[in-house]
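Visitor: I am new to this structure. Please take me through one part of it closely, step by step.

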Amino acid sequence: MSGFEAGWLSLREPADRRARNETLLLAASGFVSGRDGAIVDLGCGTGSTFRALDPVCAGGQSWVFVDDDPRLLERARELQPADARKRIALRRADLSMLDDGLFEGASLVTASALFDLVSERFIEAFARAMRDRGLALYSALSVDGRIAWDSPHALDGAVVAAFTADQRRDKGFGEGLGADAAIGLERAFEAEGYAVRSARSDWVLGRGDVALQDAFHEGFAGPAQDRLGEDEIAAWLRHRAEAARAGSTVRIGHRDMLALPAR
């Protein structure tokens, strides 16, 4: 899996941080406090999970950033304060391969906006691998299929349907779960005996998020181009851009999860 641009990840990070469920974030920090072992961040991108979680931890935890894009790994290190870089190791890896190298030295595994890209088979194998090693998981910002605009448009349903179908494409992990990933992740870890807590972590994008709304809508509309045609998509995007500048909001549903192994 690759292809996420640093610019997009940076643009979305403030919305991600607002959306993260604070109760689960603090519970994850409480779990690692006083424990040996590193926090291993799968699909680290530019390090947004570190910037959200590390400040509320007791301090001094070591981290391993894992991604298959060497440019993102280097950018993730560069964006951290100099003193924090000493605690961060970089590991380039194909995340579709659940080998021991992904989990070496871990006590907690984290991932943000990752599991909606993977397949049901991958999630089930991942949950088993985590159980076998007695590791906890803090997962954030998995899309759950809910989306609502307060300025509706006649093409909303068609655009949503095209995007939903596109989420099912194989992105290197088998057929993507898309909006079913959040509940699938919970069920897989519960089946392995984990204590699972989950909560909504919705994006709510308004007047202060015009650039993010524009970028989100451009990407969201992409899969509908072939179905609806360029003129229809251009009209939908104009409506969305005008609505954003008029203060319209869009809510995009996400879920966070903390899964703790049986004692």
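Guide: This is a predicted model.

The crossing of H1 and H9 is left-handed. Helix H1 covers residues 6-19, and helix H9 covers residues 210-221. Their axes lie 10 Å apart, and the packing angle is about 120°. That angle makes H1 oblique to H9.

Which residues make this contact? From H1 come Trp8, Leu11, Arg12 and Ala15. From H9 come Ala211, Leu212, Ala215 and Phe216. Sorted by class, the contact of H1 with H9 has seven nonpolar residues, one charged residue and no polar ones.

H9 also packs against helix H11, residues 230-245. The two axes come within 10 Å of each other. They cross at roughly 160°. This makes H9 roughly antiparallel to H11, because angles over 145 degrees count that way. The crossing of H9 with H11 is right-handed.

On the H9 side, the residues in this contact are Val210, Gln213, Asp214, His217, Glu218, Phe220 and Ala221. They meet Ile233, Trp236, Leu237, Arg240, Ala241, Ala244 and Arg245 in H11. The contact of H9 with H11 divides into eight nonpolar, two polar and four charged residues.

Now for the strand. Strand S1 spans residues 38-42. Is S1 buried or exposed? Five of its five residues are buried, so S1 is largely enclosed by the rest of the structure. Here, buried means under 20% relative accessible area.

In a regular strand, side chains alternate between the two faces of the sheet. Look at S1 one face at a time. Ala38, Val40 and Leu42 are on one side. Ile39 and Asp41 are on the other. All of these residues are buried, and both faces of S1 are covered.

Which strands pair with S1? One of them is strand S4, residues 106-112. S1 and S4 pair in the parallel sense, over five bridges. Strand S2, residues 63-67, is another partner. Four bridges join S1 to S2, and these two strands run parallel.

Val40 ties the picture together. In S4, the bridge partner of Val40 is Val109. In S2, Val40 stands opposite Val64. Val40 itself is buried, on the side of S1 that also holds Ala38 and Leu42.

Conventions:
Residues numbered from 1 in each chain as written. Predicted model: local features only at pLDDT ≥ 70, side-chain atom pairs only at ≥ 80, totals over all residues. Heavy atoms only, no water. Axes fitted to C-alpha atoms, helices over the stretch in contact; angles between N-to-C directions. Parallel < 35°, antiparallel > 145°, perpendicular 65-115°, else oblique. Left-handed = near helix turned anticlockwise from the far one by under 90°. Contact = heavy atoms within 4.5 Å. Nonpolar A, V, L, I, M, F, W, Y, C, P; charged D, E, K, R; others polar. Buried < 20%, exposed > 50% of the residue type's maximum accessible area, 1.4 Å probe, protein only. Pairing = 2+ DSSP bridges.
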